[in-house]
Amino acid sequence: MKELHYQRWTYKSSRTPLRITSDKLKFLIDRSGYFLIPSNSILVKIHYASLNPIDYKLKDMAPFPSFRDKGMGKDFSGEIIALGCNVENFKVGDLVQGFYSGFLSRDGTFSEYLLINTKRCLFKNEIAKVPQSISLQEAAAWPLVLGTAMLMLDKLPVRNKKVLVLGGATSVGRYVIQLLKSDGAGEIVVSCSPRSQELVKDLGATKTINYRESVLNQVLENTTDERFDYIIDCWGGKELFPNIKEILTKGGAYHTIVGDKPVSTPITLLLGTPTTILRSITSSLHLLDYSYRYVLLGNKNPGWITKAQQYVASGKVKIFIDKVYAFDELPEAIAYIETGQAQGKLVIQVN
């Protein structure tokens with residue numbers, strides 16, 4: 001039996017601070033000195049992990065102290081140091097990136113090492129080799145946000161369609177715009193702040209709406225001749241619904257990752273608001289003139305990371321990184337992302 005000692009960021013509950021703790025993994029070793037890890041598992045030495053709002057908001061959902069320290073983080077890049085039996089298409093030494101769901105797990109990607117189960121059935125983990133065209137920093141920066149953008153557009157034929165993107169300058173919104181442009185959307189109308197208008201136009205927006213003014217009035221002005229086929233909501237709110245029949249074509253789609261409240265709580269991030277849930281149920285019963293979905297990246301789109309890599313490798317999708325922090329600067333990164341000033345992902349250098 002051999003012990004692997006490492007450090008990771010952990011917390012006990014929402015009322016305790018984040019702290020760096022020491023931990024260890026225990027494995028048998030083979031004759032060559034390699035770790036014998038569980039079947040279907042991959043042991044990764046983390047090099048970089050990026051910060052998402054859901055990471056620290058999940059901490060707020062833990063009001064009661066846990067017996068075990070809980071980890072944090074979902075996006076990562078690093079190096080494989082051990083493979084379990086039944087794992088195919090990987091070898092020790094491969095540089096990999098991925099999305100770690102962390103559902104019902106005490107682990108997270110803000111850790112020097114991470115043991116990943118490749119066969120998890122619920123909220124599946126995703127892992128793939130890093131394309132040669134991007135760095136390890138970039139590889140850690142996009143899995144959750146680009147994967148979410150892809151899921152928002154999943155099964156929507158966008159070529160020549162008229163699409164409204166709410167919150168186009170958000171991390172997910174930027175990828176939504178780029179995917180729409182790449183897949184041939186006809187018209188891409190984007191709501192954002194005045195300072196982000198040039199950015200979203202460079203990404204593919206054909207027209208912008210100032211979200212600091214009445215979004216409803218501006219949207220209605222853009223539907224005088226033709227309604228929207230799809231609304232992709234990365235910002236939240238319910239201002240459009242009283243006039244939705246004038247805005248969205250019959251048989252169209254409204255997909256959101258936020259729901260009716262622009263500022264989400266941890267519960268609404270995971271489940272949606274009550275009206276979001278009710279609207280989703282009504283849509284599933286075909287009682288609306290359009291399709292409504294609350295989107296959460298998880299097990300509904302397995303294998304998405306391979307297609308995401310194709311977008312990145314083709315150069316059709318630009319990766320945004322604002323700052324890179326040292327491992328012990330995670331609290332500073334959280335404080336910065338909460339200001340709302342970040343213009344890209346915040347990446348933590350682990351090793």
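Trainee: What is the strand order in the open sheet of six strands?

Mentor: In this predicted model, the order is β12-β11-β10-β13-β14-β15, and the pairing is parallel. From one strand to the next, the twist averages 15°.

Trainee: Which strands stand at the edges, each with a single partner strand?

Mentor: Those are β12 (207-210) and β15 (291-294). Each has a single partner, so one side of each is left without a neighbour in the sheet.

Trainee: How do you know that β13 and β14 pair?

Mentor: Count the bridges. Pairing takes at least two, and β13 (residues 228-233) and β14 (residues 248-256) have five, in the parallel sense. To find the place on screen, look at Phe228, which stands opposite Leu248 in β14.

Trainee: Then there's the sheet of four strands. What is its order?

Mentor: That open sheet runs β3-β2-β1-β5, with antiparallel pairing. β3 and β5 are its edge strands, each pairing on one side only.

Trainee: How many bridges hold each pair there, going by β1 with β2, β2 with β3 and β1 with β5?

Mentor: β1 and β2 are joined by nine bridges, and Tyr6 stands opposite Asp23 in β2. β2 and β3 (residues 35-36) have two, with Ile29 partnered by Phe35. β1 and β5 also pair over two bridges, Tyr11 having Lys70 as its bridge partner. The cut-off is at least two, so two bridges are enough for β2 with β3 and for β1 with β5.

Trainee: What lies between β2 and β3 in their hairpin?

Mentor: Five residues, and in the turn Gly33 has a positive phi of about 90°.

Trainee: On to charges. What makes Glu3 and Lys24 a salt bridge?

Mentor: The rule wants a side-chain nitrogen of Lys or Arg within 4 Å of a carboxyl oxygen of Asp or Glu. Glu3 and Lys24 have an N to O distance of 3.5 Å, so the pair qualifies. Glu3 sits in β1 (residues 2-11) and Lys24 in β2 (residues 19-29), 21 residues apart. By this rule the count comes to 13 salt bridges.

Trainee: Is Glu3 buried, exposed or partly exposed?

Mentor: Buried is under 20% and exposed is over 50%. Glu3 is at 34%, so it counts as partly exposed. Lys24, at 37%, is partly exposed as well.

Trainee: Why is the contact between Lys245 and Asp289 called a salt bridge?

Mentor: The closest N and O atoms are 3.8 Å apart, and the limit is 4 Å, so the pair counts. Lys245 lies in α7 (residues 244-247) and Asp289 in the loop between α9 (274-284) and β15, so the bridge ties together parts 44 residues apart in sequence. Lys245 has 60% relative accessible area and is therefore exposed; Asp289, at 38%, is partly exposed.

Trainee: Which residues are linked in a network of salt bridges?

Mentor: Arg8, Asp23, Arg106 and Asp107.

Trainee: What about Glu112, which is buried: how far away is the nearest side chain of opposite charge?

Mentor: That side chain is Lys45, at 8.1 Å. The limit is within 4 Å, and Glu112 has no salt bridge. The Glu112 side chain does reach the backbone nitrogen of Gln7 at 2.8 Å. You'll find Glu112 in the loop between β7 (95-99) and β8 (113-117).

Trainee: Finally, how is the chain divided into domains?

Mentor: Domain 1 covers 2-141 + 319-349, and domain 2 covers 146-294. Their C-alpha centres lie 31 Å apart.

Terms used
Residues are numbered from 1 along each chain as its sequence is written. This is a predicted model: local features need pLDDT of at least 70, side-chain atom pairs count only at pLDDT 80 or more; totals for chains, interfaces and linings use all residues. Side-chain values use heavy atoms; hydrogens and water are left out. Axes are lines fitted to C-alpha atoms, for helices over the stretch in contact, and angles run from 0 to 180 degrees between N-to-C directions. Domain bounds come from an automatic or database domain assignment. Buried means under 20% relative accessible area, exposed over 50%, partly exposed in between (1.4 Å probe, protein chains only). Lys and Arg count as positive and Asp and Glu as negative; His and the chain ends are not counted. A polar contact is a pair of N or O atoms within 3.5 Å; within protein, one must be able to donate a hydrogen and the other to accept it, and residues adjacent in sequence count only if both atoms are side-chain atoms.
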